[in-house]
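Subject: Structure handover and contact notes

Hello,

Here is the structure for your files. My notes follow below it.

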Amino acid sequence: MDVSPRFRRQSRRVLLQALYQWDMAGSTETEMVDFFTDEGSLDKADKRYFNDCLHGVMRGVKDLDRAYEPYLDRALSELNPVERACLRAGSFELIEREDVPVGVVINEWVELAKMFGAQDSYRYINAVLDALARTARDGEE
């Protein structure tokens, strides 16, 4: 089944918000799914994709952090929560969602970093995900 890119984009936007909430408040997966469903954020989203990515990031957060950590120029703890959420979700997509092209993954997370991150954090997200993509996808462009 083909899903509209707009619905995937909304899934990623809500995923960023959910991962931020998880990082800052320690919300559970169920609480986040219920919250974003109740408030209508997932009405025009690919819910299956959102759930898959949310579960995957939460389940594999330590491995995801280890995957992109070599490409950081500072300690993981020094990343702001938006950067951490973008890198975790982007890393998950690069490593686990080979059905999504590298360029799409990087572009989507860079755009979200532009919207929600610090002034130049999108450049940082771009550099780290690009470096990870070279190893995670064996040079796929």
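Start with phenylalanine 7. Leaving aside neighbours within four places in sequence, phenylalanine 7 is in contact with Lys44, Ala45 and Asp46. Contact here means heavy atoms within 4.5 Å. Phenylalanine 7 sits in helix α1. Helices are DSSP runs (H or I, at least four residues), numbered from the N terminus. With a relative accessible area of 25%, phenylalanine 7 is partly exposed. The cut-offs are under 20% for buried, over 50% for exposed, and partly exposed in between, with a 1.4 Å probe and protein chains only. From phenylalanine 7 to tyrosine 20 is 13 residues in sequence and 20 Å in space, C-alpha to C-alpha.

Two sentences on conventions. This is a predicted model, in which local features need pLDDT of at least 70 and side-chain atom pairs count only at pLDDT 80 or more, while totals for chains, interfaces and linings use all residues. Residues are numbered from 1 along each chain as its sequence is written, and side-chain values use heavy atoms, with hydrogens and water left out.

**Core**

The largest nonpolar core has 44 residues. A nonpolar core is a set of buried Ala, Val, Leu, Ile, Met, Phe, Trp, Tyr and Cys residues joined through side-chain atoms within 4.5 Å. Leu54 and Trp109 have the most contacts inside this core. Which elements give two or more residues to the core? They are α1 (5–25), α2 (29–38), α3 (47–68), α4 (81–96), α5 (102–116) and α6 (121–136). The largest share, nine residues, comes from α3. As background, nonpolar side chains tend to be buried together in soluble globular proteins.

Leucine 54 touches Leu15, Ala18, Leu19, Glu29, Met32 and Val33, not counting residues up to four places away in sequence.

**α1 against α3**

The axes of α1 and α3 come within 9 Å and cross at roughly 35°. Axes are lines fitted to C-alpha atoms, for helices over the stretch in contact, and angles run from 0 to 180 degrees between N-to-C directions. The crossing of α1 and α3 is right-handed. That label applies if the near helix is turned clockwise from the far one by less than a right angle, and left-handed if anticlockwise.

On the α1 side, the contact uses Arg8, Ser11, Arg12, Val14, Leu15, Ala18, Leu19 and Trp22. These meet Lys47, Tyr49, Phe50, Cys53, Leu54, Val57, Met58 and Val61 in α3. The residues of this contact divide into 12 nonpolar, one polar and three charged. Ala, Val, Leu, Ile, Met, Phe, Trp, Tyr, Cys and Pro count as nonpolar, Asp, Glu, Lys and Arg as charged, and the others, Gly among them, as polar.

Lysine 62 is also in α3. Lysine 62 is exposed, at 63% relative accessible area.

Arginine 88 is found in α4. Is arginine 88 buried or exposed? Its relative accessible area is 11%, so arginine 88 is buried. Outside four places in sequence, arginine 88 touches Trp22, Asp23, Val57, Val61, Leu64, Asp65 and Tyr68.

At 0% relative accessibility, serine 91 counts as buried. Beyond four places in sequence, serine 91 touches Leu64, Tyr68, Leu129 and Leu132.

Valine 82 is another α4 residue. Valine 82 counts as buried, at 12%. With the same exclusion of residues up to four places away, valine 82 touches Leu16, Tyr20, Phe116 and Gly117. Valine 82 and aspartate 23 are 59 residues apart along the chain, and their C-alpha atoms are separated by 9.3 Å.

A search of the whole structure finds one aromatic pair. The ring centres of phenylalanine 35 and phenylalanine 36 are 4.9 Å apart and the planes stand at 80°, so the pair is edge-to-face. Rings of Phe, Tyr and Trp (its six-membered ring) pair if their centres lie within 6.5 Å; planes under 30 degrees apart count as stacked, over 60 as edge-to-face and the rest as tilted. Phenylalanine 35 is partly exposed at 40% relative accessibility, whereas phenylalanine 36 is buried at 3%.

Threonine 37 lies in α2. At 38% relative accessibility, threonine 37 is partly exposed.

Best regards
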